[in-house]
Amino acid sequence: MSEIRDISLWESGEQKIAWVKGNMPLLRRIEQEFSETKPFAGKRIALSIHLEAKTAYLCRVLAAGGAEMYITGSNPLSTQDDVAAALVHGGLNVYAWHGTTPEEYEAYTRRVIEAEPHFIIDDGGDLVTLIHTEYPQLLGNVIGGCEETTTGILRLKAMASANTLKFPMMLVNDADCKHLFDNRYGTGQSVWDGINRTTNLIVAGKTVVIAGYGWCGKGAAMRAKGLGAKVIVTEVDPIKAIEAVMDGFTVMKMEEAAKTGDFFVTVTGCKHVITEKSFLNMHEGAILCNAGHFDVEVDMAGLRQLAVKSFPARNNIMGYTLPNGVTVYVIAEGRLVNLAAGDGHPAEIMDMSFAIQALSAQWLIQNRSSVADVLNYVPREVDEAVARHKLESMGISLDVLTEDQRIYLYGADAE
């Protein structure tokens with residue numbers, strides 16, 4: 001007979017972290033290197049990322065590099081309490097729990113800033129924005145930071161354009177080993193993981209509406225097609241719309257798509273993508289969710305005001321009965337469906353993304369004296385090193401250019 005025993009909260013978190021560590025060979029390699037070189041010795045790092053097992057392992061890798069970690073979550077519903085408890089048990093500073101109120105979320109963001117960090121790792125721009133607006137006296141202490149989301153980079157570009165960004169940031173999301181894999185394959189799979197485990201409904205034969213056809217939208221549409229759905233894409237960018245058409249999807253306006261959609265997934269990074277006009281066009285039982293960073297893509301405030309009744313239909317699903325008698329359903333309060341209703345991207349994908357994060361942080365700290373720009377792309381050598389090590393971990397080898405081929409392509413004087 002197998003032995004069954006109760007385990008503590010932090011032990012449950014340790015099991016989760018051990019599982020992802022076993023599937024993240026790049027971070028294991030970096031952890032070993034950082035343990036020897038200590039690139040963050042004497043540095044305090046403030047980190048705001050969805051606080052689940054993969055993020056926890058990144059925090060331990062940075063701590064192995066000598067960093068004193070101050071950690072909070074980047075979404076009130078994505079923190080996993082057992083994982084947070086494991087980090088606390090291991091001696092790291094954590095300010096987060098699942099289901100925080102808006103006031104608690106802001107208070108915890110302040111706590112990590114008030115630790116006077118030397119470096120910031122952000123997911124959506126909350127730490128960077130708050131330190132600039134309300135803690136300007138701490139700006140001189142910050143060496144720089146990393147941002148890993150499209151939404152966060154848009155906020156950084158707006159600050160840079162207004163000349164209000166006061167320290168350099170690495171645009172991690174724009175690295176090829178991040179957005180080509182994390183945004184497309186990671187989002188594509190984890191969105192449907194979240195939807196499927198929460199609804200327990202079939203996707204095959206249904207009509208799925210994907211709002212936005214960037215890399216995240218491409219991934220979500222691809223996986224919906226693979227599950228047997230008919231896919232409609234809505235877009236504002238004509239070039240992306242043509243891509244969607246040539247990838248085999250139907251493109252139309254949201255108001256029209258609303259009439260036939262069974263599942264709706266927003267992945268635009270913009271606000272009010274699905275609003276009252278579209279709600280009132282939907283049929284009975286339509287299911288809405290969001291995979292963009294902030295909970296503004298589905299107009300939840302407008303939906304709550306419009307509804308004549310709301311009720312919990314299932315764990316993490318709310319039903320909203322509209323004035324026309326139709327009831328529509330929203331997963332995870334319109335927050336990130338893949339994290340608020342799931343475990344986020346697969347470990348192998350986040351292995352690449354977090355490897356880029358860790359190595360970008362190391363690069364900026366080591367090269368700060370020569371970095372003049374506030375917005376900085378991840379160096380190509382970092383991107384390629386992550387890709388090569390990933391291939392090695394998969395047992396895959398590449399051809400190498402001969403000297404004659406190198407000269408043919410780049411010239412005799414190319415390094």
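Start at the lining of the largest pocket, which by class holds 16 nonpolar, 21 polar and 13 charged residues. The model is predicted, with local features needing pLDDT of at least 70 and side-chain atom pairs pLDDT 80 or more, while totals for chains, interfaces and linings use all residues. Residues are numbered from 1 along each chain as its sequence is written, and side-chain values use heavy atoms, without hydrogens and water.

Select T150, C216, V267, T268 and G269, which lie nearest the centre of this pocket among its 50 lining residues. A pocket here is an open set of points on a 1 Å grid over the protein atoms alone, where a 1.4 Å probe fits, with protein on both sides within 12 Å along at least five of seven lines; lining residues have an atom within 4 Å of a point. The largest pocket has a volume of about 1,000 Å³, counted as the space filled by probe spheres set on the points. Next colour α8 (176–199), which gives the most to this lining, five residues.

Move to P76, Y105, D126, F294 and R335, nearest the centre of the second largest pocket. That pocket holds about 380 Å³, and α5 supplies four residues, the largest share of its lining.

Now select L47, L62, M69 and I71, which touch the most other members of the largest nonpolar core, a set of 52 residues. Such a core joins buried Ala, Val, Leu, Ile, Met, Phe, Trp, Tyr and Cys residues through side-chain atoms within 4.5 Å; buried means under 20% relative accessible area (1.4 Å probe, protein chains only). Helix α15 (residues 347–367) gives the most to this core, with eleven residues.

Key
Buried < 20%, exposed > 50% of the residue type's maximum accessible area, 1.4 Å probe, protein only. Helix = DSSP H or I, 4+ residues; strand = E, 2+ residues; numbered from the N terminus. Nonpolar A, V, L, I, M, F, W, Y, C, P; charged D, E, K, R; others polar.
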